[in-house]
Amino acid sequence: MSVTKRHGNPLVLALGGIFFAIFAIFAIFAIFAAVPQAAAQGGEPSSFAIRGARVVAVSGPILEEATVVVSRGMIVAVGKDAAIPSEAWIIDGKGLTVYPGLIDGLTDVALLSAGVAPGRLAAEISPAHAPQPAASGPEDRPGATPWRSAADEATLSDKRIESWREAGFTTVVAAPKDGIFPGQAAVLNLAGDRPGGMVVKGAVAVPLSLNPVGSFRSFPGSLMGVLGYVHQVWLDTEWYKQASAGYAKNPRGQARPAYDRSEAVLQQALDSKALVLIPANNSVQIRRALALAERWKVRAVLYGGQMGYETAGEIAAKKIPVLVNLQWPEKSKDADPDEPPTLRVLRFRDRAPSAPAALARAGVKFAFYSGAISAPKDILKAARKAVDAGLAEDAALRALTLSPAEIFGVADRLGSIEAGKIANLIVADGSLFAEKTKIKIVFVDGRKFEIRETPKPAEPTKNGPTGEKPAEEFALPMAGGAQ
Amino acid sequence: MIRGTRWTTLLAAGILAAGIAIPNMAQTQAQTRLATVYAITHAKIFTLAGAPIDDGTIIFRDGKIAAVGAKAEIPADAQVIDATGLQAYPGLFDSLSQMGLSEVAAVSSTVDSTETGDFNPDVVAAEAVHPASEHIPVTRAAGITHALAVPGSGGFDSGRDSGVITGQASAIHLAGWTMEEMLISKSVAMGLDWPTIETRTFDLSTFSRKDKPYAEAKKEYEKKLDELADWLERARHYAQALEKGSAARFDRDVKLEALVPVVHGELPVLVFASRARDIRNAVEFCEKQKLRMVLAGGDEAARVKDLLKARGIPVILGPVQNAPAREDDPYDQPMAQPAELSAAGVKIAFASFDNSFARRLGQQAAVAVAYGLPYDEALKAVTLYPAQIFGLDRELGTLEPGKLANLIVTNGDPLELTTELRFLFIKGQLTSLENKHTRLYDKYRNRPKP
């Protein structure tokens, strides 16, 4: 049964027309109800077939005029001759391209704590926001809330979820912010009935920040202090693991190891193969992070990576993956017009978008993340800059799909269009990296989201859900400085 | 120098007789009044008012130079110093310093260089100068006989914002028991720390750099400038009222009164500015306000050298052995800038902007010579030019009859680090070269060997 034959079948066309009419009614209903998810739950079928589309599977060759069948949240069939179940809604894919849903490799989108101004509420959500007593050393665990979990802090009330989705992002790797050990990252799908439903996988990574959290009187007030501190925490965690195991076996006659919440949760996370995300944007930071990864004996992933054009070879030699910040260094709008940027800064601005191409050439596994980009439409634009600077389009796409899925250990369920994977898809009217391409439909967990023709202006650009504070934690400093 | 040695012997004997010298002994006995008439003979004299005199005599009496020349008659009552093989120069002038205003920068109780508040025109440096400062004899031993003490010149040291109008700069001799003895002129310039559009600030509460949006920084700058213009405007009205003297009840105001000579163009403003934009803004402002401007600091003065030349604005340059102001500047920008300014016809002077490192003044000029500044200009930039800039050239700057006898006798070029200073006269009095450094040298040299 060929696709062309089906096209010719008047019955199917008529059925399609009826389906579209029904869908249109639901769509109108959905707009009035203003809760698209609820409408989707009530009215939409659980099965779709996108037919006759160009399918960019990422994990395999591009299929022309192929069909993707989605059922109960999963991709059930992909191919030219994929069988379409009778209950499936059929979407005519002629002239359309289907991609896997995009993954934002590191963000705080969809987190409760994102953008919450320091205060009482914030303090309840995140102890890091609460006034902290002065710390005098690593033993006081300053800036450490590794028990915070993005899976627990996931929320559907973050307005950025919709705008991220409209830009083609179906999944984020969300990480709590604030402090040196802010918490644990989780892979979240950007739709669900309840926050818990968003979680694809929890505790995938332990992000680190190396910014001193102390001040004049409080530890750590310097980078060297932070590095010493983090090292001590790893050692303590390892000791805790061994001591508590030994004690559990034979408590008699042994002093019990003291309980430490940070050590306990970090041990648990590392045991379940959580990655450790080390910030490293410029070459000094990158080289330092490579050395730290070795010293700390953790499964390290660098984030930042914008000077990878200088250090790609060194990163490749260590086989450490990189999350590349897509917020390329640019002139600040607030800059002093009479203060010309230094050559060093200009060179960095010019060359940063070539970092992904350099990483690709060197064979480094890398994924993209949005950094402090606040308007999601700019994320793909930024990826396009990397393409303009020499990165192959398919490599750029991979860095937004399968590569982050592989890095975070969810490639068995996300990142490509394959039967058995989660039905996170985007349907666009052209190449994702072409200027004029519009994303028409986004599927998250098999739920269909039509993207309106004139999407409302992106969320107040610099803000989190409460509009209080720019989400800049993952924005790294420019090339300057040794940090 | 047969009879010259007598004085040193006497002084040495005196110290010995007194037993253990208290630390300030040398300071307080720095000058002797044994003779008021001196004749320095057979010296090569660099008068800076013409060609050097190869074998000349300088005669000075009661603090002032009486005669300079190849054939000056030696008065019968003169103390004669045979300077065969030696050279005589005018004493060096550190034309912007913290001399006497600050002793130990880290000890705030010894720092008196900056007043609180943004507008302090009534503040006079001379009133704060500590005559017994240890920095004075140390500086003197480097051939520097007089200096300008400037309020607000040590903004960073004092840990305080130095404000906008920092106060009046005083010219002082680097010797004397009291301020009255030291004073050359109580007020030679009004310090003006030019407000900058500062987008990079340092947040002391978080101890980190903080970037301010340009628009915000510019607004703050404009506010300060308006305030400054307002002060000057009020000073003009005040001056008018003073002249008329007719007002029934006239409220006197020390601050406005201090600004009157400034708005009349009698007292120059010593404008601290380093970036080219700040310098341009300051020049424009001073021209509009009809103020006489002297630029201080001027890290980027060479970028606006034509403007400075056209307006006849002299520049007091800070230490040249610094890193360039901008990352992309050539490494030698600070060292080469004096030559560039001088070649463009801008009058320059060197100054330490400091107290403990004021003694490096000569080397500062010498480094500029190594980077292209003509030697004569360098020498004048630490003697004659600063005297001219601050209107003190009738008393200082050259070795000419009628001028103050602030002079040095050396065995070579005073800008050269290895040159030995043999005699130093301030106000015509032979002045001790002993200082804290020499005392420490002697102390550790005489340490018993194991």
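Visitor: What makes A:Ala300, A:Leu302 and A:Gly304 one group in β11(A), and A:Val301 and A:Tyr303 another?

Guide: In this predicted model, A:Ala300, A:Leu302 and A:Gly304 point one way from the strand, while A:Val301 and A:Tyr303 point the other way. Residues of both groups are buried.

Visitor: Why is strand β11 of chain A called mostly covered?

Guide: A residue counts as buried if 20 or more other C-beta atoms lie within 10 Å of its own. Five of the five residues in β11(A), 300-304, are buried, so the strand is called mostly covered. For chain A, 47% of the 483 residues count as buried.

Visitor: How do you know that β10(A) and β11(A) pair?

Guide: Pairing requires at least two bridges between the strands. Strand β10 (residues 275-280) and β11(A) have five bridges, in the parallel sense, and therefore pair. A:Ala280 is the residue opposite A:Gly304.

Visitor: What makes β11(A) and β12(A) a pair?

Guide: Three bridges join β11(A) to strand β12 (residues 322-325), again in the parallel sense. The cut-off is at least two, so these strands pair as well. Here A:Gly304 has A:Val324 as its bridge partner.

Visitor: Why is the unit of β10(A), α10 and β11(A) called right-handed?

Guide: With the strands pointing away from the viewer, a clockwise path from the first strand over the helix to the second is called right-handed. The path from β10(A) over helix α10 (residues 283-296) to β11(A) is right-handed, so it runs clockwise in that view. A right-handed β-α-β unit is also made by β11(A), helix α11 (residues 308-318) and β12(A).

How values were computed: Residues are numbered from 1 along each chain as its sequence is written. Chains are lettered from A and ligands numbered from 1 in the order in which they are written. This is a predicted model: local features need pLDDT of at least 70, side-chain atom pairs count only at pLDDT 80 or more; totals for chains, interfaces and linings use all residues. A residue is buried if 20 or more other C-beta atoms lie within 10 Å of its own, exposed if 12 or fewer, and partly exposed in between; C-beta atoms are placed from the backbone. Helices (H or I, at least four residues) and strands (E, at least two) are DSSP runs, numbered from the N terminus.
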